[in-house]
Amino acid sequence: MSTLSNSTNIFWQDCQVGRPERQKLLNQKGCVVWITGLSGSGKSTLACSLSRELYTRGKLSYVLDGDNLRHGLNKDLGFLPEDRTENIRRTGEVAKLFADAGLICVASLISPYRRDRDSCRAMLPDANFIEVYMNMPLELCESRDPKGLYKLARAGKIKGFTGIDDPYEPPINCEIEIKHDNGVCPTPTVMAGQVVTYLEKKGFLEH
Ligand SMILES: Nc1ncnc2c1ncn2[C@@H]1O[C@H](COP(=O)(O)OS(=O)(=O)O)[C@@H](OP(=O)(O)O)[C@H]1O
Ligand SMILES: Nc1ncnc2c1ncn2[C@@H]1O[C@H](COP(=O)(O)OP(=O)(O)O)[C@@H](O)[C@H]1O
């Protein structure tokens, strides 16, 4: 789908209550925490754990999970490269709106193509896009296989599965990398703590 605008004669409408006012109200700064990685790498687990940790600290977040968005906003999209690109573009636009609302928006999608993630980064002031890479080996993700999808992909029953017969392009310069140690992954609480520490250090958890 083209990203060029088809609308003409349109004007930006400003409001007296803007991002600074909302951020002051919430005592936090809006941003996008973009979690990328293979299926089964722990994206949703981190997103939920992070959201819970922020909630206990009185900070407002919202999780945009790839699987969930594909039940509604993105239900017309499949897994062809162009569909994934449109999936990421739409999610990036929604995430940008949530960040503008003053929320810490946590997007967890495979988002396998570097160019698509970089396009989302380009929608925001650079510091407000925090890319988190779930650097987990395919073998670990495949051994977890909570939905049985790797098994189906290996059997040729799902075509174009990320990591099997569709590429995953790891980030080159992500803000946060979640690493395993000999196939052992940090606990969800530890992973969330790593992100919270970053947000704190960069001043997102205060106004
Ligand atoms: N072909 C193929 N490749 C990868 N994943 C597949 C595929 N078909 C279905 N699924 C399921 O869809 C979930 C990924 O959706 P995303 O929107 O995150 O994917 S993408 O960012 O557009 O690539 C993904 O969820 P997670 O396992 O949570 O990553 C899978 O459950
Ligand atoms: N840090 C972790 N330690 C142990 N198991 C994990 C961890 N993170 C995720 N898991 C498990 O791995 C599986 C895949 O995690 P999930 O968050 O659904 O991955 P994704 O969203 O990337 O597909 C789930 O069964 C989950 O419980």
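A backbone N or O atom of S41 lies 3.2 Å from an oxygen atom of ligand 2. This is a predicted model, in which local features need pLDDT of at least 70, side-chain atom pairs count only at pLDDT 80 or more, and totals for chains, interfaces and linings use all residues. Residues are numbered from 1 along each chain as its sequence is written, chains are lettered from A and ligands numbered from 1 in the order in which they are written, and side-chain values use heavy atoms, with hydrogens and water left out.

The table lists polar contacts to the two ligands (a polar contact is a pair of N or O atoms within 3.5 Å; within protein, one must be able to donate a hydrogen and the other to accept it, and residues adjacent in sequence count only if both atoms are side-chain atoms).

| Residue and its atom | Ligand atom | Distance |
|---|---|---|
| L38, backbone N or O atom | ligand 2, oxygen atom | 3.5 Å |
| G42, polar backbone atom | ligand 2, oxygen atom | 3.0 Å |
| R84, polar side-chain atom | ligand 1, oxygen atom | 2.9 Å |
| N87, polar side-chain atom | ligand 1, oxygen atom | 2.7 Å |
| S111, polar backbone atom | ligand 1, oxygen atom | 2.8 Å |

Ligand 1, taken alone, exposes 620 Å², and the protein buries 92% of that area. For ligand 2 alone the exposed area is 550 Å², of which the protein buries 71%. Accessible areas come from the Shrake-Rupley method with a 1.4 Å probe; for residues, only the protein chains shown count as cover.

Around ligand 2 there are 15 residues, and G40, K43, S44, T45 and P186 come nearest (near means that a heavy atom of the residue lies within 4 Å). By class, this shell has six nonpolar, seven polar and two charged residues. Here Ala, Val, Leu, Ile, Met, Phe, Trp, Tyr, Cys and Pro count as nonpolar, Asp, Glu, Lys and Arg as charged, and the others, Gly among them, as polar. The largest share of the shell around ligand 2, three residues, comes from α2. Helices are DSSP runs (H or I, at least four residues), numbered from the N terminus.

The shell around ligand 1 holds 21 residues, with S39, R70, N87, S111 and K147 nearest. They divide into eight nonpolar, seven polar and six charged. Helix α4 gives the most to this shell, with three residues.

Ligand 1 sits in the largest pocket, and ligand 2 sits in the largest pocket too. A pocket is found on a 1 Å grid over the protein atoms alone, as an open set of points where a 1.4 Å probe fits, with protein on both sides within 12 Å along at least five of seven lines; lining residues have an atom within 4 Å of a point. A molecule sits in a pocket if more than half of its atoms lie within 2 Å of the grid points of that pocket.

The volume of the largest pocket is about 670 Å³, a volume being the space filled by probe spheres set on the points, which are joined across faces, edges and corners. Its lining has 35 residues, and S39, K43, D67, I110 and K147 are the closest to the centre of the pocket. The lining divides into 14 nonpolar, twelve polar and nine charged residues. At least two lining residues each come from α2 (43-56), α3, α4, α7 (149-154) and α8 (188-201).
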